[in-house]
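Here's a quick look at some aromatic rings and a helix pair. Have the model open as you read.

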Amino acid sequence: MSTQPRRWWALALIAAAQFMVIMDTSIIGVALPHIQTQLGFTQQNLSWVFNAYVIAFGGLLLLGGRLSDLFGARRMFITGWIILLAGSALAGAAGNVATELSARAVQGAGAALIAPSSLTLLMMLFGANPRELTRALALYGAAAPAGGTAGVFLGGLITQYLSWPWIFYLNIPVAIVAVIAAPALMPAGTRARGSIDWAGALTVTAGLAALVYGIIAAPERGWTSHYTWAVLGAAIALLATFVIIQGVRRAPLLRLSLLRSPNLASANLAQALLGAAWIPMWFFLNLYLQQVLGYSALPAGAALLPMTVLIMAAMITVAPRAIARFGPKATTVTGLAILAAGIGWLALVRPDGSFTADVLAASLLAAVGMALAFIPSLGTAISAAPPADGGLASGLVNTSYQVGSALGLAAMTALAASHGATALGDPQALTGGFSAAFTGAAVIAAAAAVLAALTLRTPPSTPAPAGQAAAERRTGDAHVRA
């Protein structure tokens with residue numbers, strides 16, 4: 001096989017990896033009521049089935065990016081799939097809450113190796129050609145939200161006709177194919193010399209876990225209780241320790257000076273707030289369909305299929321054209337504003353509502369906003385980093401999105417609980433809680449639009465497709481190996 005078609009087959013595998021990694025955050029959505037019943041989760045703690053994965057994923061992504069730089073992107077890509085396979089087998093076989101959450105954390109650790117190495121491999125394969133890079137980023141970007149939304153539909157299909165453990169077993173054959181195909185399709189990647197910041201990885205992951213736990217537990221324990229503030233204080237101390245470690249280590253996970261690169265911090269903030277708005281919307285929309293409208297697993301998944309199709313179509317066709325015409329900043333701001341409007345519309349859901357009147361149009365509007373905001377903010381975050389920091393930038397932007405997702409869901413879970421979302425069997429109370437969560441997510445998206453408008457800089461030579469600047473810097477130095 002020649003190098004040219006091999007690159008596009010490699011892109012297909014990279015996009016599939018991104019699809020599966022993000023799908024693992026969402027495929028559990030439709031199955032949550034079944035998992036809750038069989039394993040004994042409470043309504044308020046149910047979000048930990050999601051958060052256990054996302055905290056491990058987001059907390060270890062910087063470590064994954066560092067390992068990718070040190071040991072080679074392809075090796076970490078394969079290792080990540082092996083770990084994800086083991087976690088998926090354990091999650092499907094789990095018989096209690098502790099085992100399920102542990103398995104989800106193992107899955108997240110595997111994903112934390114796959115995601116940054118995937119993006120590094122993409123830049124190695126296509127970074128020398130700006131036009132191809134824009135197309136590759138569009139396909140890669142479409143795989144993420146498409147995986148997130150398609151996971152809901154596939155989760156419904158599997159839960160309805162098989163059983164919930166199969167939503168995890170689905171990863172096993174895909175992982176086997178990825179492990180076998182990667183050596184033939186992927187470049188090995190460059191390897192650097194250096195040490196691993198295990199203390200930084202431990203403190204940032206533990207700090208995020210404590211922060212999410214404290215926010216979720218606060219409505220039950222009380223925001224003014226000593227327990228709540230002890231947990232939140234420990235989280236702040238751990239995260240502050242992480243920052244101190246990064247400042248004094250010679251080879252930190254995150255070189256703090258990198259954040260001074262123009263647009264890097266702003267684009268990562270946009271990604272974090274995008275996740276903080278989108279993931280709670282998806283989570284509570286799924287619960288609204290099942291617990292209020294009474295949909296079973298398959299219809300609930302099918303109800304969100306239009307979002308999947310629209311996101312994929314808009315990311316591949318509309319978003320790159322918008323970036324080329326208006327620039328990444330304007331496209332990001334517009335997308336976030338549209339997302340805020342769509343989620344705000346969902347906040348009007350009714351206890352006696354219907355899919356057509358309360359969900360369809362609003363969810364499609366939110367999907368358009370997501371499609372427009374995701375690709376330019378992702379491309380800007382990657383382009384803002386120097387070429388030598390490609391693995392770090394990939395890990396950082398993925399971390400931003402996943403950490404934002406976890407914290408956003410934790411905050412909206414607490415908000416929904418305080419407005420009655422724990423009252424199973426009471427559509428009025430549940431709808432009030434879900435509506436509060438939608439309102440909060442809409443406010444986050446609106447705030448993200450304002451911050452992006454204020455902080456993102458427009459490159460002097462505008463408009464340029466997202467990622468083009470990074471590609472031009474890498475021209476003649478794309479470490480592609482047959």
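## A tryptophan and its partner

Trp 48 is buried, at 14% relative accessible area (buried is under 20%, exposed over 50%, partly exposed in between, with a 1.4 Å probe and protein chains only). Tyr 213, at 30%, is partly exposed.

A word on the source: this is a predicted model, where local features need pLDDT of at least 70, side-chain atom pairs count only at pLDDT 80 or more, and totals for chains, interfaces and linings use all residues. Residues are numbered from 1 along each chain as its sequence is written, and side-chain values use heavy atoms, with hydrogens and water left out.

## Aromatic pairs

Rings of Phe, Tyr and Trp (its six-membered ring) pair if their centres lie within 6.5 Å; planes under 30 degrees apart are stacked, over 60 edge-to-face, the rest tilted. That rule gives 12 aromatic pairs. Trp 48 and Tyr 213 make a tilted one, with 6.3 Å between centres and 45° between planes. Trp 48 sits in helix H3 (residues 48–71) and Tyr 213 in helix H9 (residues 198–221), 165 residues apart; helices here are DSSP runs (H or I, at least four residues), numbered from the N terminus.

Phe 50 and Trp 282 are also tilted, with centres 5.7 Å apart and planes at 45°. This pair joins H3 to H11 across 232 residues, and both Phe 50 and Trp 282 are buried.

## H11 against H17

H11 (residues 264–292) packs on H17 (residues 427–455) at about 165°, axes 9 Å apart (axes are lines fitted to C-alpha atoms over the stretch in contact, and angles run from 0 to 180 degrees between N-to-C directions). So H11 is roughly antiparallel to H17 (over 145 degrees; under 35 is roughly parallel, 65 to 115 roughly perpendicular, the rest oblique).

How values were computed:
Helix = DSSP H or I, 4+ residues; strand = E, 2+ residues; numbered from the N terminus.
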